Structure formats: C-alpha cells, structure tokens
Amino acid sequence: MQNNNMKNWFQLGTPQCGIAFGIIGIIVALAFLILGFWGTLLVVALFVLGYAVGAYGKKPEAEAPKAEAPEAEAPEAETAEEQE
C-alpha cells in the first residue's frame, strides 16, 4: 500500500502532488531570495547538466544491447577483400 501512496506524490490532481509541488515552489522561491536570479539559474543549469551526464552517459558494456554481433561480421568481409 505504501508503494501506491508514493505514486500519488507526483500524479497530477492528487492532494499529495499539490503538497510536493508546493514544497518545490518554496525551495525555488528561497533560492531566488538567497542566491538571486543568476545564482538560481546557475544551480538549475548545473543540476540539468549533472542529470544529463548521469542519465545519458556511456553505459557499461554489460548493459549494452547484443545487436553488435552483425556489425562484427562486416569488418571480416572487408579484410578478406583487402587480402585478394
């Protein structure tokens, strides 16, 4: 039941979502008051950059899709042509 309750925090139209976005709004307002516009913009930009690197960075080879096998055969054919 707790897992279902956690889903409601970011489901639009629920009271939990209203509370969550209200808290986010307070944090953003405090950031503007304390850091100013450009400081807050810098924090947001660095967060987006960090998220992008973390979410879309190079994945380890263990998690890479197995679709690389057909590509491995193509260079062998080229080397056979070069040898002739």
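A: Thr-40 counts as buried, at 7% relative accessibility, where buried means under 20% relative accessible area, exposed over 50%, and partly exposed in between (1.4 Å probe, protein chains only). The model is a predicted one, in which local features need pLDDT of at least 70 and side-chain atom pairs count only at pLDDT 80 or more, while totals for chains, interfaces and linings use all residues. Residues are numbered from 1 along each chain as its sequence is written, and side-chain values use heavy atoms, with hydrogens and water left out.

Thr-40 lies in helix α2; helices here are DSSP runs (H or I, at least four residues), as strands are (E, at least two), numbered from the N terminus. The buried residues of this helix are Cys-17, Ala-20, Ala-31 and Thr-40. Once neighbours within four places in sequence are set aside, Thr-40 is in contact with Ala-31, Phe-32 and Leu-35, contact meaning heavy atoms within 4.5 Å. The C-alpha atoms of Thr-40 and Ala-29 are separated by 9.5 Å, with the two residues eleven apart along the chain.

The course of α2 itself comes next. The helix has a kink of about 115°, centred on Leu-35; the bend at a residue is the angle between axes fitted to the seven residues ending there and the seven starting there. Helix α2 covers residues 15–56, and its end C-alpha atoms are only 32 Å apart, whereas a straight helix of 42 residues would span 62 Å at 1.5 Å a residue. That expected span is 1.5 Å times one less than the number of residues.

Beyond four places in sequence, Leu-35 is in contact with Thr-40 and Val-43.

Phe-32 is also placed in helix α2 and is partly exposed, at 39% relative accessible area. Not counting residues up to four places away in sequence, Phe-32 touches Phe-37 and Thr-40. Both Phe-32 and Phe-37 belong to a nonpolar surface patch, whose other members are Phe-10, Leu-12, Phe-21, Ile-24, Val-28, Trp-38 and Leu-41. Together the patch residues have about 1,000 Å² of accessible area, by the Shrake-Rupley method with a 1.4 Å probe, where for residues only the protein chains shown count as cover.

As for the whole protein, its elements run α-α-α from the N terminus on, with zero strands. Of its 84 residues, 7% count as buried. The accessible surface comes to about 7,700 Å², of which 67% belongs to carbon and sulfur atoms.

Conventions:
Patches are made of residues with over 30% relative accessible area and no salt bridge: like charges are joined within 9 Å, nonpolar side chains (Val, Leu, Ile, Met, Phe, Trp, Tyr) within 5 Å. A salt bridge is a side-chain nitrogen of Lys or Arg within 4 Å of a carboxyl oxygen of Asp or Glu.
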